[in-house]
Amino acid sequence: MPGNMNKGISARFMNGAIPAALLAAVRSGRPLIHHITNSVTINDCANITICTGAAPVMAEAPEEVAEMVAAAGALVLNIGTLSATQVDAMLIAGRRANELGIPVVLDPVGVGATRFRTETAQRILDTLDVAVLKGNAGEIGVLAGTGGSVRGVDSGGIAGDPIETARECAHLTGTVVSMTGAVDVVTDDSRVFLVRNGNPAMDRLSGTGCMASSITAAFVAVADDYAVASAAALAAFGRAGERAALEARGPYSFRTALFDELAALTPDDLAGHARIEER
Ligand SMILES: Nc1ncnc2c1ncn2[C@@H]1O[C@H](COP(=O)(O)OP(=O)(O)OP(=O)(O)O)[C@@H](O)[C@H]1O
Ligand SMILES: Cc1ncsc1CCO
Ligand SMILES: [Mg+2]
């Protein structure tokens, strides 16, 4: 395989046509993304879902979530500003989603920071069939049980190797793990995808992690392979971040540009610029 002999480096890159086709499928299918999410970034999540090409709905009353999720293409459970009532709603919606085969994306915001968050994230993972677990490194390290530190909602890092941490978490939970950072690690335990798109400005804005979950949900709603869809979603978001950074003067103009660039992102641009390496 002469192509792989180049200076001994053998990196396999995902064909850009795959994330491009998924982005096009989101835009044409416009799946409904049901969120039960935090009160800090709820509006950003609604708008980033629209910029991706999907349709958001936020509904968290236990009285209506089972009915709402039945119309959705995916369900996002985000524990950022948790309450006991929200936990009830998450379990009701999640069970119904599982019955109907609707994929569930869990964002364990701040897991490890308090016992309530840790117990709730664990309860959701034990009770529901979660399709994708999307967290920052500290959050995934906590859930992997291999050591992760979280202060508030921020990752304080992990004890060991990022790929091994993500794989251990996927192995333990039986989910696709999507671990964000400067390089995102997506794994279903057997395959590992590294996503190298993005810009450091994304880390200087509250809510980019939550938005990453909304975009992931939009992609898994139109895909059978949740690991590929998760990697493609982060490549699309990262590509929007790269373009936004060229226009921004600071965090808030970056935020505006991030939404605009995702809305303007074409499948062709993503095909040419997605940087997804398979290990
Ligand atoms: N240094 C970086 N370089 C490139 N992309 C980054 C960088 N840091 C974060 N990102 C991107 O920003 C998004 C959010 O990831 P991050 O790990 O910052 O989430 P988070 O800390 O959980 O976010 P939140 O602010 O919502 O709590 C991901 O798509 C990730 O790829
Ligand atoms: C700052 C903050 N606190 C709870 S959720 C949230 C936003 C995303 O992490
Ligand atoms: Mg961050």
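## Crossing of α8 and α9

In this predicted model, helix α8 passes helix α9 in a right-handed crossing. The two helices, α8 spanning residues 208-220 and α9 spanning residues 226-247, pack at an angle of about 130°, and their axes are 8 Å apart. Angles of 65 to 115 degrees count as roughly perpendicular and those over 145 as roughly antiparallel; α8 and α9 are therefore oblique to each other.

The contact is formed on the α8 side by Met-211, Ala-212, Ile-215, Thr-216, Phe-219 and Val-220. These residues meet Tyr-226, Ala-229, Ser-230, Ala-232, Ala-233, Leu-234, Ala-236 and Phe-237 of α9. Classified by residue type, the contact of α8 with α9 comprises 12 nonpolar and two polar residues, with no charged residues.

Ligand 1 has 21 residues around it, of which Thr-180, Gly-198, Met-202, Asp-203 and Gly-209 come nearest. The elements contributing two or more residues to this shell are α8 and α9. Helix α8 gives the most, with four residues.

By class, the shell around ligand 1 consists of eight nonpolar, 11 polar and two charged residues.

The residues around ligand 2 are Asn-38, Val-40, Thr-41, Gly-80, Thr-81, Val-109, Val-153, Ser-206, Gly-207, Gly-209 and Cys-210. Of this shell, seven residues are polar and four nonpolar, while no charged residue is present.

Gly-209 is listed among the residues that come nearest to ligand 1 and also among those around ligand 2.

Conventions: Residues numbered from 1 in each chain as written. Chains lettered and ligands numbered in written order. Predicted model: local features only at pLDDT ≥ 70, side-chain atom pairs only at ≥ 80, totals over all residues. Axes fitted to C-alpha atoms, helices over the stretch in contact; angles between N-to-C directions. Parallel < 35°, antiparallel > 145°, perpendicular 65-115°, else oblique. Left-handed = near helix turned anticlockwise from the far one by under 90°. Contact = placed C-beta atoms within 7 Å. Nonpolar A, V, L, I, M, F, W, Y, C, P; charged D, E, K, R; others polar. Near = placed C-beta within 6 Å.
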